[in-house]
Amino acid sequence: MTILRAMLARELRLALRGGGDVLTLVLFFVIVGAIVPFAVGPDRALLARIAPGIVWIAAFLAMLLGLDRLFRPDHDDGSLILLRQSELPLSMVIAAKLIVHWLVSAVPLIIASPFLAVLLSMEGEALWRTILSLLLGTPALAAFGAIGAAVTVSIRRGGLIAPILIAPLSIPVLIFGTGSITATQSSAAMLFLAALSLMAVALAPFAAALAISSAED
Amino acid sequence: MSIETAPKLNWWNRIANPGQFVIWTKPLLWPLVIVTAVLFVVGLYFAFFNSPQDYQMGDTVRIMYVHVPNAWLSQFVYGVMTVSAVGTLVWRHPMADVSMKAAAPLGALFTALALFTGSLWGRPTWGTFWEWDGRMTSTLVLLFIYLGLIALWRAFDDQLRAARVIAVFTLVGAINIPIIKFSVDWWSTLHQPASVFRADGPRMPGSILTPLFVMFFAFTFLFITLQLKAMHTEVKRRRVIGLQRRMAQGDRA
């Protein structure tokens with residue numbers, strides 16, 4: 001338990017002291033969302049209708065952006081090999097990384113999402129549902145992202161190929177994510193989203209650990 | 001362990017040697033080609049000349065004889081890859097990762113053909129080339145997974161290491177297969193539900209079912225033939241790479 005706590009503290013410290021990464025992600029998220037009205041025209045009725053999809057696309061892209069720092073720095077400086085020798089199983093190390101990755105790349109987006117939602121003409125209940133659906137769905141995005149990052153960590157130009165692998169896996173998250181904002185049965189979609197997140201977060205550390213350990217030996 | 005007490009190689013271990021595998025399976029290749037060709041001739045004859053028109057769809061129903069086998073293979077090939085991935089991870093069987101690599105482009109091709117023939121069939125009967133219906137969407141996702149796996153194979157330099165990593169991702173991607181199979185039951189939007197493999201027997205008359213089954217086997221044998229040939233090619237490619245590497249090292253020494 002103390003090792004796990006130390007691992008969490010290490011990851012958090014690395015993520016927060018690494019410069020303006022968190023701010024960059026939030027800016028990227030808001031800018032991607034805010035660029036859409038320029039492309040489709042500032043029609044408020046249309047924007048309100050497609051806003052849930054825009055918010056989710058922006059969140060999906062912003063989560064992809066932060067993936068490369070999940071394993072790559074540790075792989076490059078050799079700490080990943082040391083972490084594999086640790087008393088803590090590799091899957092738990094990855095679980096700790098996953099938690100911190102979610103804290104530094106998803107929570108800021110969720111905090112920023114009301115601003116984006118207002119820009120996209122969302123109001124009242126839809127706004128709350130947006131925040132709640134992001135809160136429930138982003139853990140699944142982070143988990144799939146961890147699998148993709150683990151699979152591509154030993155490839156030199158893996159940063160480009162990971163999004164191609166992750167996107168097909170993330171489609172259900174996007175479906176139920178936007179569904180839980182717009183659809184008439186939004187609570188059912190929310191439950192599905194929560195189930196997806198629970199399942200993905202429970203299984204991803206093991207899949208990612210298997211991928212990393214088979215790439216290294 | 002002396003020679004006498006060493007366990008005899010069984011067929012499983014023997015085909016683990018790539019060279020032995022090629023020697024053992026090479027005689028199968030030509031018979032498989034002949035069987036495939038015969039099945040295609042018979043199947044196409046039935047499909048074009050000896051099966052009735054549909055009372056609603058007319059001649060376009062004949063697209064089914066190409067579409068259904070391709071759609072079936074798009075899932076079956078992924079099944080082969082999943083089994084191979086287990087073989088790679090659990091037994092580290094050398095031929096399993098060759099089979100996994102050889103199957104990916106074939107699966108992508110069959111999936112693309114299933115989508116293509118499906119949209120050709122959908123235009124006259126449903127009035128649209130494409131609809132975001134459950135089964136079509138999940139088949140498109142399957143195509144993306146195949147293409148992602150091919151891209152992943154090409155990105156790795158070391159193919160032996162690549163195999164185990166890709167096996168992990170293949171298993172993760174296998175979640176999509178049951179979604180495709182049951183998508184027509186879960187979201188009944190446009191694509192018709194299963195009508196051949198049903199618990200209460202197929203829902204088609206024999207005159208349509210016969211050519212469908214013949215084409216079904218024709219395409220499956222086509223896959224087996226191509227898969228075997230692709231595996232032989234992959235074994236040879238690895239041998240060439242190994243020789244080139246040894247030659248390069250020899251030059252340096």
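Tutor: Start with a definition: angles under 35 degrees count as roughly parallel, over 145 as roughly antiparallel, 65 to 115 as roughly perpendicular, and the rest as oblique. Axes are lines fitted to C-alpha atoms, for helices over the stretch in contact, and angles run from 0 to 180 degrees between N-to-C directions. This is a predicted model: local features need pLDDT of at least 70, side-chain atom pairs count only at pLDDT 80 or more, and totals for chains, interfaces and linings use all residues. Residues are numbered from 1 along each chain as its sequence is written, and chains are lettered from A and ligands numbered from 1 in the order in which they are written.

Student: OK. At what angle do H7 and H8 of chain A cross?

Tutor: Roughly 150°, and their axes come within 9 Å. H7 covers residues 107-119 and H8 covers residues 125-152. H7(A) and H8(A) are therefore roughly antiparallel.

Student: Which residues of H7(A) make the contact?

Tutor: A:Leu109, A:Ile110, A:Ser113, A:Pro114 and A:Ala117. Contact means C-beta atoms, placed from the backbone, within 7 Å. Partners on H8(A) include A:Leu127 and A:Leu134.

Student: New topic. How many helices and strands does chain A have?

Tutor: 10 helices and zero strands. Both are DSSP runs, numbered from the N terminus: helices are H or I with at least four residues, strands are E with at least two.

Student: And what does the C-alpha trace of chain A span?

Tutor: About 55 × 35 × 30 Å along its principal axes. Also, 80% of the contacts in chain A with a separation of 6 or more link residues 24 or more positions apart.

Notes:
Contact = placed C-beta atoms within 7 Å.
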